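Hi there,

Here is the structure I promised to pass on. Have a look at it first, and then read my notes below.

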Amino acid sequence: MKFRKILVSVLLVVAMLTSMLSLFSCGGNKVAPEFKMPENGFDISKKVTITFYHTMGANLREVLDAYIVEFNKLYPNIKIEHKQVGGYDDVRKTISTEITVGDQPNIAYCYPDHVALYNMSKAVQTLDVLMNSDKTVKDALGNETIIGLTQEQKDDFIKGYYEEGMQYGDGKMYTLPLSKSTEVLYYNKTFFDEHNLQVPKTWDELEALCAKIKEIDPDCIPLGYDSEANWFITMCEQLGSDYTTANGDNNFIFNNETNRNFVKRFREWYKLGYVTTQEIHGAYTSSLFTMAATEKGNSYMSIGSSAGATHQRPAKVNGAYPFEVGIATVPQMDANNPKVISQGPSLCIFKKSNPQEVLASWLFVKYLTTKVEFQAEFSMASGYIPVIKSVKENPIYADYLNKADGGDFITTLSVKVGLEQENAYYTSPAFNGSSVARDQVGYLIQRCFVATWKDSEVDAKIKAEFDKAVKECKYQIGK
Amino acid sequence: MVESKHRWKAWLYLAPAIILLLIFTVWPIINTLHMSVQEGYNQSLAVAGHEFEYGFGNFERVIEYDNFITCLKNTMILCVLTVPLSTILALVIAVCLNSIKPLSRFLQTIYFLPYVTNSIAIGMVFAAMFNIVGNNIGNENELITTAGIINNVIEFFGGDPVNWINAGSSYWANITVMTIYIVWNALPFKILILLGGLQSVNKQYYDAAKVDGTSRFRVFTKITVPLLSPMIAYVVITGFIGGFKEYSSIVGIFGEKMGPTGADGSLNTMVGFIYNAIESQQGTASAAALILFGIIFIVTMINLYVSKKKTHY
Amino acid sequence: MKIVLQNLTKIFPSRNKKVKDEVVAVSDFTFEIPDGKLIGLLGPSGCGKSTTLYMISGLQKPSGGKIFFGDDDVTGLSAENRGVGLVFQNYALYPHMTVKQNILFPLQNLKGKDKLPKDVMIERAYTAAKLVQIDNLMDRKPSELSGGQQQRVAIARALVKMPKVLLLDEPLSNLDARLRLQTREEIRRIQKETGITTIFVTHDQEEAMSISDLIVVMKLGVVQQIGAPQDVYDDPTNLFVAKFLGTPPINVFDGRVEGEKLYIGDAAVLDVPGVSDQPVTVGIRPEGFNIDPNGTFVCNLQNVEIMGRDVSVVSTNEASLNPVIRSIVNSDNKIEMGETVTFSLKSHKVFLFSKEDESRIYF
Amino acid sequence: MADNMNVTLQEKDLKKVGVAQRISGVFAKILCYAFLFLIAIIVLFPFYWMIISSLKTLAEYKLPVPTLFPKEIVWHNYVEAFDAANLGTLFKNTVIVGIVSTILSLIITVLSAFAFARLEFKGKNALFAALLATMMIPGELFTITNYQTVSMFNWKDTYTVLIVPFLVSVFYIYLLRQNFLQIPNELYLAAKVDGTSDIKYLWKVMIPLALPTLISITILKMMGAWNSYMWPKLVTSNPNMELITNGLRNAYSDVSGETNFPVQMAAVAIVSAPLFLVFLFLRKYIMKGVSRSGIKG
């Protein structure tokens, strides 16, 4: 009796475990197949529901909702469910977990490194077959348009933003930009005018300017640079030196003489008290920039996100801003061939076994990225830069841009500057590990700046820090 | 005992728990083991149908890694500092609380509050308290624009501000802050347990000691501590297990870079290491988790062995 | 060392703050305890005997009155400065220490010039242990000892620092009957050997009477009577004391005095010269009865219990306040089993108490 | 022995001893209170900080020199926090999940603890030891696998997925078993002799006696529901299915996506308030339960 009971229970447990094991391990390849354009194109009679993950705050969701209504006038059969999934990292984490069970959304906010991660599971749909399709679709209002993008539409995108979708090393298009930001140089216009200072266009000019400002106000730090990583990557781009590559076995090629030299140069600036960064300072450098000039440690320039313009504006004193803020393109190596970083979300589409879903997703992505009114309103609501040039011709948006100033309409000013440098945007390669590289070069700068080394050993130490960063990058991606 | 012929009944009572545990605990453990022996296992690749070789490469990778040694060291240091400190502090607080009448309940309630509150904000608050905002700390261009409240207090008493957690701060300053934060976090539970223990100690032991003219210190060391030894063993063991799982408190203060600016990762812990790897290298993460499990297991066994020798009755 | 208690009073404040309801645990206790005696504090639970003991030890502070050890006023001193040894009811042996460590503990507390060298401490511990005959158990833990052994350890621990006063709180209550007899003799012996003034608390009158030099009977915080056990037994000051002492307990009757004669029921049972006419409560010790066919006190015989040397006669009477009357007579008396039994009374075993305040009426 | 009596007393001035001992007693008390109050301030400071931060403007919050009291009290932060995060629905979800999971968890825990404490079966100790060993594994590692499991069951976006995976806690079983073991086995035998069924015995005897532990399990479980963050976020894609803590992070970013910390702090305060209140009212039970369960460890 006894033994039978035990036997039965043991057998039960074993059976359960094996059944579970087999259930899970047969999972194998859960990825939906590559999209193939259906013979008849998009079927507007069948209902499809598509999900969209993003990070929009409440005010942006309002804009989105309004345009979903508009979109549904064209395609009443496409139901859009959208959800704010925390911040960008939350989106990445959620989706990468969902991919493991084939449960990913249709469309998501993405950064290049997210796409690289999803791509390891081959989950992201390349857009080429969609955006180059010349099949037509007839919407509910009776207009017949091609499913893909017209050449005109393609050309309308700001080039640097558009090319971000193609930097995955295989020449294919994975994402379309939605709204963008960049880094800009904020400067204390009042102070500059007062002391007759010129806004620096190059790093050499900046260095000279910092020296000058230090003479005027020895207790200041002339420049605050928020993102160490952006600084490093932008310098690579401006100098034409290697940073990373999406191809080959060795992705991390930033350990080179040129890069070590600029790190060494900026380290000297830091030691001279010319510059500080967000991490070293312990808060956004805008807090130094907006500080009263009488206080110790304030700064007169700040390089930060164009989307954070309102934080670069000093608080009103007696109803007036204590100084006017000016915004300019960040300093360059070659002012005639400027390079500025592009940030902000793009949209990617995930593979699904139902091609109609993919098509519907594409139509929505196309709508959001090419609809002038949406791009204009979204930009005005968010302070981000629209991704298509024709937005500027929109009368409401043109009006908006005209209001730009260094006070109440500082956001507009930052967008305006962002639009003016439309030819300067670059993108860096995206691959599994591109975000690791980004983190590591940021840490690299922090470490080099903060460390106290003897003059004689600086070169060797910087080299050692570069070696360490590369080693760490390789480890993190499993090499 | 009874019930020998109704053995199936016990299994019936246990069935719900066992079934759920099999699905949500045992199976993940098996899966973890499985992942840990597939070299370079990566969920994203696995989803795409990639096959991995079996072997112990993941374990080798973990152990050979410099940063893992750092994590191990940090974890050990934090354990060795925080567990005795929080236990002793909790013991002193409990003894003080037990010796007073007015306000005792009120103070008990206050000490317990951290136990019932949402901890998201607390790390930020501590970081703000120890913060220094400034530039070029530690050289001739030093420009501190503000010091956190702790430094304000230090300056008020005439001391020099300490760079606790910002760029250029020393490892031991960081460890000090972490120790304070972790101890703060650990206190409520320990106070509660030890106070409960104290209150269940027969008062006559103290009367007897008083009649014998025992000094307060001797009462504490010779009577209170030995009588509380089972409770102390309990909080020490749980403290060590918790200490080895330390992670979120460090994120709370230093952020996910796990260290002050310029020394990223210098305060990383074993769990932090696992988290780093869990997104992109599940094989390595699994191996590290198993290693952590092994270490916790050994430490707990040592603790149990010691406490068996040291606790009385 | 003699101990003097002067108007010692202890009032516990009421638990409930709103209702003023304080408890007087000990009221106005004045007594001089002679040096080197064994004193039993006796009374039912809640009579204040333990409180008195704790006040003498210094663990509780009196609300009023004074305590002297010898000529020194120790009222303001706390326990550790009084040099007393205290044995707790449940011994309070430290469970984590061996017998030896327990006994050594008080010695290790000594500081400064009182500090003893280690070998002296151990010698003293062994002396104390020998005294209570546990020197062979020194390395055991309290949990490995029997109740009686634990009791001895507790006494040894109290004695080892050579206290001026040894205080024992219900020392025998946790022991079984056989051990109790043995241990109380032991306590007596130890007290005799050391000559330390010893006070012990008990609710068991037999225990108190058997070993004490003096007993103090207490009731509701008030001292009823103090004296040598036999004196208190033979000459109780009130009904409470009379009832509290003696096994079998005293027989109590409703009675009255008329014309200097004591009547129980209708029978005049005893001459009580000098007592005015009044209703009284009569107490007769069991041994106060004589089987006497010529006696005047007639009771209904119920049972005769032969106890060897003595015979216990169980009878009833309408005037009896106890359910039965228990009288103990010499077994030489032949008792004929009939309906009734007739007694005459020994006058020195008969006590009269006032109906009003239960105080003794002497005759 | 009496001759050797300790004579120190006579040598000292008795009054001096009395006064000295009183002073040292008072001094110790003062020291004790001072220490306890210091600790209390340290413990309370972060809460104070949370509340004042929740009443500041974003600009003031970001001041480099933090202010100890808001210059301008912004109650509106609380309104904003409540409105923006859909807190009403999240409250409701949390309460439902908290109550259902607590009840089910209690039933499962009681049954298992009873089996471990009172019934005899082969492999009991081995099984119990195995369960205890699982407590040492960092739970985060389970997430990936569990996520796959619930997705396979198609449980996403249901209450089930928020409740079921965490119903069994080895720790609670352990606590309750220890508590049950404190109850004399004679009671069980007596009940058996009287023909009482196991369930009736559990209900009438064991549960009332183990009430403090059960209460503390209830509280811990409720707190768990209240504080769970990662899992609900992972397994819900419908914002109406999220739990309260998820609401803390999502909704308080301003235009540029930067977190509005004062509003977030206000949300934290709102979210913490119910736990605080429950604690203040049930303090006795909670502390007794938690400490009792601890003592028997």
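Keep in mind that this is a predicted model. Let's start with one residue, D:Phe114. Leaving aside residues up to four places away in sequence, D:Phe114 touches D:Phe180, D:Leu202 and D:Met206, plus B:Tyr13 from chain B.

Where does that residue sit in the bigger picture? D:Phe114 belongs to the largest nonpolar core, which holds 239 residues. It is among the members that touch the most others, along with B:Leu194, B:Ile274, B:Ala288, C:Ala156, C:Val165 and C:Val216. The top contributor to this core is helix H8 of chain B (residues 171-199), which gives 14 residues. There is also a second, separate core, with 132 residues, including A:Leu127, A:Phe232, A:Ala360 and A:Val417.

Now for the meeting of chains D and B. How many residues of chain D are in contact with chain B? The count is 61, and they meet 72 residues of chain B. On the chain D side, six helices each supply at least two residues: H2 (14-54), H5 (87-118), H7 (142-152), H10 (185-193), H12 (211-227) and H15 (261-295). By type, that side of chain D has 45 nonpolar residues, eleven polar and five charged.

Of the chain A contacts with a separation of 6 or more, 74% link residues 24 or more positions apart.

Cheers

Terms used. Residues are numbered from 1 along each chain as its sequence is written. Chains are lettered from A and ligands numbered from 1 in the order in which they are written. This is a predicted model: local features need pLDDT of at least 70, side-chain atom pairs count only at pLDDT 80 or more; totals for chains, interfaces and linings use all residues. Two residues are in contact if their C-beta atoms, placed from the backbone, lie within 7 Å. Helices (H or I, at least four residues) and strands (E, at least two) are DSSP runs, numbered from the N terminus. Ala, Val, Leu, Ile, Met, Phe, Trp, Tyr, Cys and Pro count as nonpolar, Asp, Glu, Lys and Arg as charged, and the others, Gly among them, as polar. A nonpolar core is a set of buried Ala, Val, Leu, Ile, Met, Phe, Trp, Tyr and Cys residues joined through C-beta atoms within 7 Å. A residue is buried if 20 or more other C-beta atoms lie within 10 Å of its own, exposed if 12 or fewer, and partly exposed in between; C-beta atoms are placed from the backbone.
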